[in-house]
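Here's a look at one protein, starting with a single residue and then stepping back to the whole chain.

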Amino acid sequence: MSVTLEASSCAALPAGSAAGRRPRAPDRERPEAFTRAFDAKTLFYDCFRHADGQRVLLVGPPPYGIDYRGARFVARPSGQMVRVRSHASLSTMITELAEVPSGTTAIEVAIEGQRLELPVQPNACDRFAGRRLLFTINRNNELGWIREWAEYHARAHGTDAVILVDNGSTAYGPGELHETLAAVPGLAEIAVLSWPQSFGPIDPAVRKDPYWARFLQIGSMSVVLRRYGEKAFGLLDCDIDELAGTRSGRSIYDLAHESRGGLVVFRGTWIEATGGARHRDFTEKLSDPEAARSPQRKWCLDPSRPWVRKLSVHPYWHWIQGRGLFSKSMPDDATYWHFKGINTNWKQQRTAAPNGTTVQDGELVVALGRAGMTAEMTATPPTQLR
């Protein structure tokens, strides 16, 4: 097994710089909490080789007032200026550098009166080629939850690679995350990325897309795809408090791989916090079907499809921006479970007692049983689905 703490090349404007990112609708009033959490200074989260070995990509928040167009990018040590093209969306931007000389080890960026140098990190897509890749962002989730999440997906779907982006956890360090994932049978590749920058706030001053300022999570998804995942068999977007499933027991990666456009999107169910410590201990949902429905969608992607190669394609939490026409399918077979009891209540109070009558979610019980992960059982070694 390869277990690696990945190096990232990040850059930001100095705290005292007059330049910085401005919010959408900047004249609207916002609470102080928004201002504290808003990331006005980060320029790039990472700088790395493209999978083609020729280009270099930098991933960061979109401009919102920072003068990226006036920036100059120089390859080091050659000193050659490189051609630049930007691919921006609401919450993230990829800066594409073309004609980068061979032997380039760093990119010097002159922007807003600052001169910064970013080491060029290697591309890891070959390392994850053919893998069934599961990824998420994490902060202070219990290590037992993380193991249960990874172990379930290894048993139920044949997941054999995990990428975890850690957003400044204080309860443990990256080494403990490594050890936790390394203990999961069936995982052949593990990468932990340490990104301690601001996660970003919800914006109460805008009604459409109030989550737009959560740049770090969306940026991390582009890095997972472009630096690690373009050659994977499949990419599954699933948080620590979520387990993906299929009603037939098939691998969700197979559904994506066999779908028309390579992208499977699926709805989920809230599982109530009815007591316990692990995902397998929670199997109750509200009896009212509408109240039990989790409103957000999750996705699984076959990254080998030609439309995914466009750098204007940006993965988001619950959709993929710039996806190809007719690329999405929503098979009845796919679903997921969203566990209120697997939560640190960082966003809102979710671990309170259920507000209504609950019933057992039979589909979840069956899925856990197939994986050998019922509360009464110790799971058997994972079945490698292919």
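Predicted model: local features only at pLDDT ≥ 70, side-chain atom pairs only at ≥ 80, totals over all residues.

A residue counts as buried when its relative accessible area is under 20%, as exposed when it is over 50%, and as partly exposed in between, using a 1.4 Å probe and protein chains only. Residues are numbered from 1 along each chain as its sequence is written, and side-chain values use heavy atoms, leaving out hydrogens and water.

So where does A213 sit? You'll find A213 in the loop between β13 (189-194) and α4 (215-229). Leaving aside residues up to four places away in sequence, A213 touches F38, F199, G200 and P201, where a contact means heavy atoms within 4.5 Å. Take P201: it's twelve residues from A213 in sequence, yet their C-alpha atoms are 6.0 Å apart in space.

Now for the whole protein. It has seven helices and 23 strands; these are DSSP runs (helices H or I, at least four residues; strands E, at least two), numbered from the N terminus. Of the contacts with a separation of 6 or more, 76% join residues 24 or more positions apart. Here are some overall values:

| Feature of the protein | Value |
|---|---|
| Share of the 386 residues that are buried | 55% |
| C-alpha box along the principal axes | roughly 65 × 50 × 40 Å |
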